[in-house]
Amino acid sequence: MSPAAVAGTVAPPRAPSHAGGTRAAGVAYVAPAVFVLVLVGLLPFLWSIWVSFLNLAGSTRSGDFVGLANYQKLLSDTKLWAALGRTFLIMAVALPVQLVLGMLLALHFQAERPGKKLFVALLALPAVISPMVAGSMWRLMFDHRFGPVNQMISAFTEKPVVLLWVVKGSLPFWSIVVAEVWQWTPFMFIILLAAIANVDRDQMQAAALDGAHRRHVFWYVVLPAIRPVLIIAVLIRALDLFRLFDVVWQLTKGGPGNRTETISVYMYIQGFQGFQTSYVAAIVVVLAIVLSSVLMLALRRVRLDR
Amino acid sequence: MAIDIKTKVLGATALALTLAGGAQAQDQDAATRAIEAAREFSGSTITVVAEAGLQALLDKQITGPEFEERTGVKVEIVELPFEEIYPKQILEHQAGSGAYDLMLVAPAWLADTVENGAVVDLQPFIDKYGVPAEDEDINPAFRDYQFYDGKQYGMMVDGDVLVTYYRKDLFEDAEAAAAFKEQYGYDLAPPADYARFGDIACFLTERHAPDIYGAGVINTGYMFLMFSERFRVAGGKFFEPETMRATINDQTAVDVLTQMVEQNACMAPGIETWGFAENLSALNAGQIAMTISWPPLGRWSQGVNIDDEALSWVPPTTVADKVGYAINPGGHPELAVGFMSSVATNSDNKDAAYLYGQWMHSRAQSLKNVMRPVGLRDPFRISHYESPEYQALWPGAKDYLTVLNEGAAQGLADFAWIDTYRYQDAMSRAVIAAISGEDPKEALDALAAEWDALTDEIGVERQRAAYEAWAAKPSAYRDE
């Protein structure tokens, strides 16, 4: 399917004599944008590739060329792989929860309801807060003495509860998931609400008239219609979760120990506290290549033009 | 001939004036010399790094404006949170930004900071402006901190040492003392070792909880300081010097960390989350009978000069005149962090930066700084400990200053070798992991493996040389 067809238009036939000039004009139009993209996107990446072959590391290295040494180190760095595993674990838990909650909220608010605009605005609020601020806020919420989370649990259980949310056992992991779900479910909600609002009402009514249950209308009419938007939303959130840093840093700084260290936190510690510049560059290069490949494959499979 | 006589007379006069001026300069104290010399740089601006919060307030509200008023040199303060001071300063240096003129350096970072080329040798400035005699007044433990590889790079401005604070009223209660002696077989007194620290914590918690717990400790942040003091007091060493393999997972280390974790059971619920502020709050609120922390707690728990607006977050004290001071269990407290001023290599205004540093470091000015409620500057000069003015601040001030002086003299220097920051961070994480539930032995094994990997990465021989240089200092291990 051609881009023109996607846009619902048919390109007019061009006169051969104008083809060269049109192409030159097109190149001239996009050249500044391409230049900026190369400057801010590609050059730093190429620089990172170069640095990853060097030995730049704080006070301990000379900046010599070391070939693939940083990549070899990366393969045997158990803390790196553990951080990567944790990142995927957080993604595997938080992303479906955000998706399901966002979808339920979007479906709930697709109908006109009293105070809908107010509620939608309030529900969207967490997504506009800086993640650093959200992390600090949840740190207070989870405070074992003064935080409302423990106070509410105590009120429900009618006995004093002292849960050390950012310290004990698996609670730090769950506190990160809760904060992350709280902040980014509204993103899913807003995107899906907009997508559902654009679903053809006639099709939905026709299906309902044919006796389809609401569940079936959702499954066979709404879901296919919003699928491209849904997939893009999931991809954006998945990438965001892969880069998860702010909330973790504010809540646990990757601790206790390394128990909540995500890949971004690990790279920050290595790069900005340990000054392992070349090693972090190697990690960045590998992750960028892997993530770009996964993203391209995913987008190709999604076939957004359908 | 007449001309010759005139010339000789003028020459002799000039010489006499020069000598008189020189003698006058020699008589001047370091603060006065710094102020007078800095006037030459009037109209310039220096950028000074300060730890975010109270440390920075001193420079921003008091000393910076005063320096500008007296010299014409404007002092701009850049505040950095503690954990960002070292990385940010090094990053700015590597970027060649010249963002800072006067850096803030903890003694443990000095070797790495110098190796990075981020700060300059101060000797030319000392020769030009300094009053070396004033350095003899610095507590030897801190004086040594200012040097690396035989050269002076730092000027102490804050002398830190951990102190044991205890509630005299609870410790001196005759009934409690008798019960304690009966139960444990020794007197209820400031603990002589960390086992006794735990005994007292449990005893007083049993007796007074939930109103008062036997002890409070800091369990988040800075944990390498808390652990490395207890580890060394117990006889632990960080490395096996022949192989440079980490020995921080030996039986001594495991016992120390296990003891730290177990003692938390006798403290307030949620003690695992306590940092400096929680500990201070609990002491001032009268909720803990004993704690270990930095020197400001002694002043704030007494409520000395605490009415400054900047200190409004400090809870009002309910324990004034009830707090006693003691050297930490084991007798060798950690000289935990402390700060020095160092002149940045990339500074365009090194002389003015040095002179502000000299002024802050000087005997006269530093005494004012360590007595102020804001600033978090703690005594580091003998004249601070012996100052009648300071000793008169509250009834227990003399005892407090004696403990600081003796504690520093017997203190343990923070470990410092190549890439210290990474070793510190790894240790803090391992200790916090154990405190939050991980098996101490496993946490320490992982720490030792991480340290070994770091050492291999840096180079065993290179790190051995740095470690041996550090370990040779008397404050490294305090072996009896």
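Tutor: This is a predicted model. Start with one residue and its contacts: Ala471(B) touches Ala476(B) and Tyr477(B), leaving aside residues up to four places away in sequence. Ala471(B) itself belongs to helix α22 (residues 460-471) of chain B.

Student: Is Ala471(B) buried, exposed or partly exposed?

Tutor: Burial is read by counting neighbours; a residue is buried if 20 or more other C-beta atoms lie within 10 Å of its own, and exposed if 12 or fewer. Ala471(B) counts as partly exposed because it has 16 C-beta neighbours inside 10 Å.

Student: How far apart are Ala471(B) and Trp313(B), in sequence and in space?

Tutor: They are 158 residues apart in sequence, and their C-alpha atoms are 40 Å apart.

Student: Where does α3(B) bend?

Tutor: The bend is at Thr63(B) and comes to about 40°; a proline, Pro65(B), follows within four residues. After the helix comes Gly72(B), with a positive phi near 85°.

Student: Which residues of α3(B) are buried, and what do they pack against?

Tutor: For the general idea, an α-helix has 3.6 residues a turn, so residues three or four places apart point the same way. In α3(B), the buried residues include Leu54(B), Leu57(B), Leu58(B), Thr63(B), Gly64(B) and Phe67(B). The buried residues of this helix pack against α2 (30-38), β1 (45-51), β2 (74-80), α15 (350-361) and α16 (363-371) of chain B.

Student: What does the largest nonpolar core look like?

Tutor: The largest nonpolar core has 192 residues, and Leu102(B), Ala215(B), Tyr356(B), Ala430(B) and Leu447(B) have the most contacts inside it. α20(B) gives the most to this core, with 10 residues. Apart from it lies another core, of 15 residues, including Ala106(A), Phe189(A), Leu193(A) and Ile196(A).

Student: What does Tyr356(B) touch?

Tutor: Beyond residues up to four places away in sequence, Tyr356(B) touches Ile46(B), Val48(B), Phe67(B), Val75(B) and Leu102(B). Phe67(B) is one of the buried residues of α3(B).

Student: How many residues of each chain meet at the contact between chains A and B?

Tutor: On chain B, 23 residues are in contact with 19 residues of chain A. On the side of chain B that touches chain A, α4 (82-95), α5 (110-115), α20 (420-435) and α21 (440-458) of chain B each supply at least two residues. α20(B) gives the most to that side, with 7 residues. The residues of that side divide into 10 nonpolar, 5 polar and 8 charged.

Student: What about secondary structure and burial?

Tutor: Chain A has 13 helices and 0 strands, and buried residues make up 29% of its 306 residues. Chain B has 23 helices and 14 strands, and 52% of its 480 residues count as buried.

Definitions and conventions: Residues numbered from 1 in each chain as written. Chains lettered and ligands numbered in written order. Predicted model: local features only at pLDDT ≥ 70, side-chain atom pairs only at ≥ 80, totals over all residues. Contact = placed C-beta atoms within 7 Å. Nonpolar A, V, L, I, M, F, W, Y, C, P; charged D, E, K, R; others polar. Core = buried A, V, L, I, M, F, W, Y, C linked by C-beta atoms within 7 Å. Bend = angle between axes of the 7 residues up to and from the residue.
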